[in-house]
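I opened the model today to look up a few things. My notes follow in the order I made them.

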Amino acid sequence: MAPKHLLIREQLLAEISTMCTDDALPQERDLAERFNVSRTTVRQALRSLADDGLIYSIRGMGTFVSGGRISKGLKLTSFSEDMRGRNMEPSSRVLSATERIASDEVALNLELAPGSSIFEIERLRLADGVPMCLETIYLPAHIFPHLLNFDLGGSIYGLMAEQFRVRVETATQRVSSQLASGIDADLLGVPRQAPTLVVSRQGVDGKGRLVEYAVSVYRGDRYDFSFAVQR
Ligand code: 16G
């Protein structure tokens, strides 16, 4: 059986999806009583929901439902995991998938020698059928042989793990803003020149190899990024 805190997380997730932004969750003590578990277990479930950006706490006030945005934290996750964690069904429209020689920018970001071969896959990512992000990923061809023969409409991280035993363990990310071009705006279903958040990721596997360079263009109205900072 799944650990208790995961079962409680699932139940709370179902409740949160019917609640409105900034609605208060019941007190820790009441949840512990209702689920017949310790407060430590309740706290564990709440912490995991908070880590995923679904709820937030204000000291002395309680815990509340986060806004309609997907809040990205410090956890390394895939698009599919992000959506499923929020009870949404991920899907993709593959816009293009090719094998080519890496451009200078891509070669630099994957630390490949000039002239190296890469796969370039461009996909529109949707949640419950609603466009969320436009993603272009570049993968070294020697690490993922015959990649284009596989179904690219599902989770690429799932495919990497199952077919190639490669897992992105750490990543360096850069976030910038950009006004949506005409084509991007049409695909994302936002007005032209709408603000977007562009996140580039250099993904490193357990062996320390750069296995992915990805550029994701997120709808500015659906995403935010939150970090704990320290002095
Ligand atoms: C995320 C990653 C992207 C990765 C994708 C895999 C960021 C900024 N980017 O969108 O690098 O390729 O997930 O998702 O988080 P998938 O496994 O659902 O295809």
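Into which domains is the chain divided? I found domain 1 at 4–65 and domain 2 at 70–226. I am working from a predicted model.

**Entry: the two domains.** I looked up the distance between the C-alpha centres of domain 1 and domain 2, and it is 31 Å. Seven residues of domain 1 and five residues of domain 2 make the contact. Together the two domains bury about 520 Å². Carbon and sulfur atoms account for 43% of that area.

**Entry: who supplies the area.** On the domain 1 side I noted Leu13, Asp52 and Leu54. These three supply 58% of what domain 1 buries against domain 2, more than any other three residues. I then sorted the domain 1 side by class: three nonpolar, two polar and two charged residues touch domain 2.

**Entry: polar links across the interface.** How many salt bridges join domain 1 and domain 2? I counted zero. I did find one residue pair in polar contact across this interface, with both residues at pLDDT 80 or more.

**Entry: the ligand.** Which residues are closest to the ligand? I listed Ser80, Glu135, Ser155, Ile156 and Glu212, out of 20 residues that surround it. Next I checked distances to ligand oxygen atoms. A polar side-chain atom of Ser80 sits 2.4 Å from one. For Ile156, a backbone N or O atom lies 2.7 Å from a ligand oxygen. Arg125 has a side-chain N or O atom 3.0 Å from a ligand oxygen. Last, I looked up the ligand's cover. Alone, the ligand exposes 450 Å², and the protein buries 100% of that.

Methods:
Residues are numbered from 1 along each chain as its sequence is written. This is a predicted model: local features need pLDDT of at least 70, side-chain atom pairs count only at pLDDT 80 or more; totals for chains, interfaces and linings use all residues. Side-chain values use heavy atoms; hydrogens and water are left out. Domain bounds come from an automatic or database domain assignment. Contact means heavy atoms within 4.5 Å. Buried area is the accessible area (1.4 Å probe) that two parts lose on being put together, summed over both. A salt bridge is a side-chain nitrogen of Lys or Arg within 4 Å of a carboxyl oxygen of Asp or Glu. A polar contact is a pair of N or O atoms within 3.5 Å; within protein, one must be able to donate a hydrogen and the other to accept it, and residues adjacent in sequence count only if both atoms are side-chain atoms. Ala, Val, Leu, Ile, Met, Phe, Trp, Tyr, Cys and Pro count as nonpolar, Asp, Glu, Lys and Arg as charged, and the others, Gly among them, as polar. A residue is near a molecule or strand if one of its heavy atoms lies within 4 Å of it. Accessible areas come from the Shrake-Rupley method with a 1.4 Å probe; for residues, only the protein chains shown count as cover.
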